[in-house]
Amino acid sequence: MNQPKVWDAYSKSYHNIEKNPAGFQFTLLNMLRVNEADEILDAGCAGGHLHQYILQQRKKNCRLIAFDFSLEMIKIAAARMIKYFNNPLSGQIEDISPQEIENADINCPLLEENNYRIFQGDVQSLPQLNDNQFDIYISNLVLQLVGNKDQALQEAFRILKPGGKIGIVIPVVQGNSLMLSLQQCFIKAGLIPNNAYKPTDIETREGMINFISKHGFKDIVCWNQTIPFDLFDIDDNYIFPQFREILDKAPKEQVDQFYALFKQEVQNRLALNLPFTVESMSLIAKKPS
Ligand SMILES: C[S@@+](CC[C@H](N)C(=O)[O-])C[C@H]1O[C@@H](n2cnc3c(N)ncnc32)[C@H](O)[C@@H]1O
């Protein structure tokens, strides 16, 4: 499921949900003190929806480097930032045409001139980046997807400066009423077996803290955070890639059944005056000086 081509396809609709994970990332950036860093890395940045915000906070001459393994995602980020560096009042996703994304040059000199670099890369192996290079490594909603999490953490440790900080956010299944609701509707429509989506070892405080300590990080702060997921005024953009793939291959009858069930779930939630929620486990830690 976690292949660049899956995220390439998903890039066409990711902008519709990006404002939701931003709720976690704003907290993380605040906890990491991005305003104090000289060099910041956004690992698995998707379409770079928080890069303008990070740049507004950064100190003079701070460099922001970002990557994602999906080429389509980084083209969105490049198109967005080219637009932004040309005019700081623009760069909203709505301002960017499909043509501008298609033609976006990730090596455009304007990006480098503004201390910004974007490239295609995999968190598990980052030969493009030097040892002891970064003050801050940000990974928002990426680690849960990665096949070899140990390798990803080893790379993060290698490229951080001594005293540099890592900030990680992963979703927690149990507190994710949106994911649980979607999963139930998929099960009822016969699209997936029971318990298809299981929590991973790092979804508990203990599991996450142990995992990060094992890789040499110190001064760990770990917290759970719940945010509402805006669902009532959008169409079917809540369908995450793992579900999108299943729907694309399923018979129409089952797909229709799923949508009918989920529309009812949305109505039930509204009747309770409650939003769907997404819960995260967030963590910041330091590489020892
Ligand atoms: C849920 S999105 C999160 C994106 C962004 N960080 C945010 O906060 O909105 C996950 C992103 O991670 C990327 N990704 C998944 N596995 C990756 C890997 N091994 N290396 C680099 N990027 C990866 C996907 O292409 C996708 O853009």
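Where is the place of alanine 77?

1. Alanine 77 sits in helix α4, residues 71-86. Helices here are DSSP runs of H or I with at least four residues, strands are DSSP runs of E with at least two, and both are numbered from the N terminus. A word on the basis: this is a predicted model, in which local features need pLDDT of at least 70 and side-chain atom pairs count only at pLDDT 80 or more, while totals for chains, interfaces and linings use all residues. Residues are numbered from 1 along each chain as its sequence is written.

2. Is alanine 77 buried or exposed? Alanine 77 counts as buried because it has 26 C-beta neighbours inside 10 Å. (Buried means 20 or more other C-beta atoms within 10 Å of the residue's own, exposed means 12 or fewer, and partly exposed lies in between; C-beta atoms are placed from the backbone.) Leaving aside neighbours within four places in sequence, alanine 77 contacts Cys45, Gly47, Gly48, His51, Ala66 and Ile118. Two residues are in contact if their C-beta atoms, placed from the backbone, lie within 7 Å.

3. Alanine 77 also belongs to the largest nonpolar core, which has 73 residues; Ile40, Leu41, Ala77, Ala78, Ile136, Tyr137 and Ile166 touch the most other members. Helix α4 gives the most to this core, with 9 residues. Such a core is a set of buried Ala, Val, Leu, Ile, Met, Phe, Trp, Tyr and Cys residues joined through C-beta atoms within 7 Å. In soluble globular proteins, nonpolar side chains tend to be buried together. For Tyr137, the contacts beyond four places in sequence are Leu41, Ala43, Ala156, Ile159, Leu160 and Ile166.

4. Now to the ligand, which is surrounded by 20 residues, the closest being Trp7, Gly44, Ala46, Phe69 and Asn140. To be near it, a residue needs its C-beta atom, placed from the backbone, within 6 Å. The shell has 11 nonpolar, 6 polar and 3 charged residues. Ala, Val, Leu, Ile, Met, Phe, Trp, Tyr, Cys and Pro count as nonpolar, Asp, Glu, Lys and Arg as charged, and the others, Gly among them, as polar.

5. Alanine 46, in the loop between β1 (39-43) and α3, has a positive phi near 50°. Alanine 46 is buried, because 26 C-beta neighbours lie inside 10 Å. Asparagine 61, in the loop between α3 and β2 (63-68), has a positive phi near 70°. Asparagine 61 is exposed, with 8 other C-beta atoms within 10 Å.

6. Which residues of helix α2 are buried? In α2 (residues 22-32) they are Phe24, Gln25, Leu28 and Leu29. These residues lie on the same side of α2 because they cover an arc of only 130° around the axis, taken from the directions from the helix axis to the C-beta atoms. Their cover includes α3 (51-57), β4 (134-140), β5 (160-172), β6 (218-229) and β7 (276-286). Just after α2, arginine 33 takes a positive phi of about 55°.

7. Leucine 191 lies in the loop between α8 (177-188) and α9 (205-214). With 20 C-beta neighbours inside 10 Å, leucine 191 counts as buried. Leaving aside neighbours within four places in sequence, leucine 191 is in contact with Phe186, Ile246, Ala250, Gln254 and Phe258.
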